[in-house]
Amino acid sequence: MVTVMTYENLDAKLINALLGDGRASLRSLAEELDVSVTTVSNHLRDLEDQGVIEGYTPRVNYDALGYDVTAIIQLKVEGSALPEITDRLRGHKQMTTVYEVTGDYDVIAVGKFEDTDGMNDQIKELLTDADIRESNTSVVLNAVVENEQFDLEVDEE
């Protein structure tokens, strides 16, 4: 009896394999998934075209590069200024994550800094904006889990 891998199941297995090694070659992926190189190539192209896979980038340990202060900055923003503030935050290279959120604050940003002086300078610059009504900053003491991705569920055939 021959089992045929479904399209979605192959995609999930391919994504999981790339999560394990984003630098894997098409050939090694094909061998791991027991399909042809052409099949892997076609599925990767489809996943990229659909926006499921947005790129292949290294995972950088910013602590090892001297950016060992991580700050979580919460901002209350005047409603009409929200897009301008989030665009400005996105433009700061050290802001690794920017969210518009519900709740007490409108924006949560995560930044990586070399020291608390650099963090303070960035926060003070932000607070000069009249459209930011309030801020709350927390310094991360220990990153238990950071930038983790998770494997997709795969139906066992």
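**Exercise 1.** Decide whether Asp 129 is buried or exposed, and find what its side chain reaches.

*Solution.* Keep in mind that you're looking at a predicted model.
- Step 1: Start with the place. Asp 129 sits in the loop between helix H5 (116-127) and E4.
- Step 2: Check the accessibility. The relative accessibility of Asp 129 is 11%, and the cut-off for buried is under 20%, so Asp 129 counts as buried.
- Step 3: Look for side-chain partners. There's a polar contact of 2.5 Å between the side chains of Asp 129 and Arg 88.
- Step 4: Now try the backbone. The Asp 129 side chain also gets to the backbone nitrogen of Asp 131, at 2.7 Å.
- Step 5: List the neighbours. Once residues up to four places away in sequence are set aside, Asp 129 touches Glu 84, Ile 85 and Arg 88.

**Exercise 2.** Work out which side chains make polar contacts with the side chain of Lys 112.

*Solution.* 
- Step 1: Find Lys 112 in strand E3 (residues 107-113). With a relative accessible area of 6%, Lys 112 is buried.
- Step 2: Pick out the first partner. The side chains of Lys 112 and Thr 70 make a polar contact at 3.0 Å.
- Step 3: Pick out the other. Glu 146 joins Lys 112 side chain to side chain, in a polar contact of 2.8 Å.
- Step 4: Widen the view. Beyond four places in sequence, the contacts of Lys 112 include Tyr 62, Tyr 67, Gln 94 and Thr 96.

**Exercise 3.** Go to Thr 70 and say which residues it contacts, leaving aside neighbours within four places in sequence.

*Solution.* 
- Step 1: Thr 70 belongs to strand E1 (residues 69-77). Its relative accessibility is 8%, so Thr 70 counts as buried.
- Step 2: Collect the contacts. They are Val 110, Gly 111, Lys 112, Ser 138, Val 139, Val 140 and Glu 146.
- Step 3: Compare sequence with space. Thr 70 and Met 119 are 49 residues apart in sequence, and their C-alpha atoms are 8.6 Å apart.

**Exercise 4.** Where do the buried residues of helix H2 fall, seen down its axis?

*Solution.* 
- Step 1: Pick out the buried residues of H2 (residues 26-33): Leu 29, Ala 30 and Leu 33.
- Step 2: Look down the axis of H2. These buried residues fall within an arc of 100°, so they line one face of the helix.
- Step 3: Turn to the face away from that buried side. It carries the exposed residues Arg 27, Glu 31 and Glu 32.
- Step 4: Carry on past the helix end. Asp 34 follows H2 and has a positive phi, near 60°.

**Exercise 5.** Describe how H2 and helix H3 (residues 37-49) pack.

*Solution.* 
- Step 1: Know what to look for. Two packed helices are described by the angle between their axes and the distance between the axes.
- Step 2: Read off both values. H2 and H3 pack at an angle of about 105°, and their axes are 8 Å apart.
- Step 3: Classify the angle. It makes H2 roughly perpendicular to H3.
- Step 4: Name the residues that meet. From H2 come Leu 26, Arg 27, Leu 29 and Ala 30, and from H3 come Val 37, Val 40, Ser 41 and Leu 44.

**Exercise 6.** Is Asn 147 buried or exposed?

*Solution.* 
- Step 1: Look in the segment after strand E4 (132-139) to find Asn 147.
- Step 2: Check the number. Its relative accessible area is 58%, so Asn 147 is exposed.

Terms used. Residues are numbered from 1 along each chain as its sequence is written. This is a predicted model: local features need pLDDT of at least 70, side-chain atom pairs count only at pLDDT 80 or more; totals for chains, interfaces and linings use all residues. Side-chain values use heavy atoms; hydrogens and water are left out. Helices (H or I, at least four residues) and strands (E, at least two) are DSSP runs, numbered from the N terminus. Buried means under 20% relative accessible area, exposed over 50%, partly exposed in between (1.4 Å probe, protein chains only). A polar contact is a pair of N or O atoms within 3.5 Å; within protein, one must be able to donate a hydrogen and the other to accept it, and residues adjacent in sequence count only if both atoms are side-chain atoms. Contact means heavy atoms within 4.5 Å. The arc is that of the directions from the helix axis to the C-beta atoms. Axes are lines fitted to C-alpha atoms, for helices over the stretch in contact, and angles run from 0 to 180 degrees between N-to-C directions. Angles under 35 degrees count as roughly parallel, over 145 as roughly antiparallel, 65 to 115 as roughly perpendicular and the rest as oblique.
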